[in-house]
Amino acid sequence: MTTDSAKDSARDSARDTATDGRTGIEVEPVAGHIGAEIRGVDLAAGLDAAQVAAVRSAVLRWKVVFFRDQRLDHAGHVAFARLFGEPVVLPRRGKASPAGFPEIETTADRLELGERFGMEHDEWLRRRRHTLLRGWHCDHGARVDPPAATVLRAETVPPYGGDTTWANLAAAYAGLSAPLRAFVDTLRAEHRLGVGYQPRPGDDAYVRHLLHHQTATVHPLVRVHPETGERVLFVNGYYVEQIAGLSRPESAAILELLVEQATRPEYTVRFRWEPGSVAFWDNRATIHLAPGDHAHLDHPRTMHRVMLTGDVPVGVDGTPSEPVVGSEAGRW
């Protein structure tokens with residue numbers, strides 16, 4: 001997601017709702033710090049260079065953008081994502097993912113976990129998200145090179161419930177006091193797959209899976225966005241293990257403060273999905289929360305995801321992230 005003008009475009013924070021006369025694209029912000037709806041473009045028909053630039057600028061400025069009433073199929077989904085980067089090809093995908101499209105991972109709630117680890121999906125979610133902030137995450141944040149962006153497409157959604165919420169990590173960082181910003185600029189933290197999961201009593205097949213497929217990286221607690229130059233509070237509730245150099249009590253208290261800061265309502269936007277909706281977000285500058293209010297509803301929710309290859313985060317001092325186990329930059 002790089003262009004020569006991207007940095008200048010992202011810093012233009014004064015734009016409100018506007019229609020680009022060259023492209024016909026209208027960008028309408030939907031919250032004060034994050035989120036915009038884009039109209040006037042048919043993603044299935046393809047985008048020209050000016051439209052690509054306009055969408056890219058909106059993503060960098062608003063961190064997540066939304067398109068309604070799109071008619072994308074799997075091939076069109078991949079083609080759209082490819083305009084902005086190289087799609088990730090996962091070595092393993094869920095059984096609902098489509099054959100012939102290795103770039104797409106499909107999440108179907110009733111199929112995602114099933115009895116794979118000896119428990120229903122609902123129990124697995126409860127054990128992963130036993131605190132209010134635990135579910136907040138960026139995609140594959142335990143890797144040394146998390147994806148740069150994600151394009152998520154809704155196929156089937158419940159008539160109510162099932163919303164997704166995103167938080168702007170650049171705004172969260174800017175909202176800290178100056179002394180606290182100066183402090184967290186110097187810190188690094190370990191991000192690890194499965195942090196905080198509550199094991200089942202006795203044997204737990206998911207714990208064995210985590211031990212055999214562990215991924216962990218030491219990331220800067222504040223990363224510098226490679227395109228906008230913004231400082232981003234690189235925290236989340238799902239992957240962050242401990243701040244390096246601090247005791248566990250110190251680390252826990254500071255991480256709780258920072259994740260609470262990142263997810264303050266004023267830094268978030270919540271999106272109501274419809275069939276044909278598409279969300280495109282900057283995975284380097286946001287965390288998001290998958291819905292937890294629809295599991296009891298007798299309605300399916302099927303979503304298709306394409307992620308774009310990312311780079312290794314770099315801290316304020318120029319030091320890059322360091323892999324601990326389980327990932328290598330550029331290799332999935």
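Reader: Which elements each supply at least two residues of the lining of the second largest pocket?

Author: Rolling a probe the size of a water molecule over the atoms shows where empty space is left. Here, strand β12 (240-243) and helix α8 (248-262) each supply at least two lining residues. Helices (H or I, at least four residues) and strands (E, at least two) are DSSP runs, numbered from the N terminus. This is a predicted model, where local features need pLDDT of at least 70, side-chain atom pairs need 80 or more, and totals for chains, interfaces and linings use all residues. Residues are numbered from 1 along each chain as its sequence is written, and side-chain values use heavy atoms, leaving out hydrogens and water.

Reader: Which element gives the largest share of that lining?

Author: That is α8, with six residues. The lining has 15 residues, and Arg134, Val240, Ala252, Leu255 and Glu256 lie nearest the pocket's centre.

Reader: How many salt bridges does a search of the whole structure find?

Author: Side chains of opposite charge can pair when their charged atoms come close. The search finds 22 salt bridges (Lys or Arg side-chain nitrogen within 4 Å of an Asp or Glu carboxyl oxygen). In one of them, Arg39 pairs with Glu28, their closest N and O atoms 2.4 Å apart. Arg39 sits in strand β3 and Glu28 in strand β2, 11 residues apart.

Reader: Where do Asp311 and Arg223 lie?

Author: These two form a salt bridge as well, with closest N and O atoms 3.4 Å apart. Asp311 is in the loop between β16 and β17 and Arg223 in strand β10, so the pair ties together parts 88 residues apart in sequence.

How values were computed: On a 1 Å grid over the protein atoms alone, a cavity is a set of points where a 1.4 Å probe fits but cannot get out, and a pocket is an open set with protein on both sides within 12 Å along at least five of seven lines; lining residues have an atom within 4 Å of a point.
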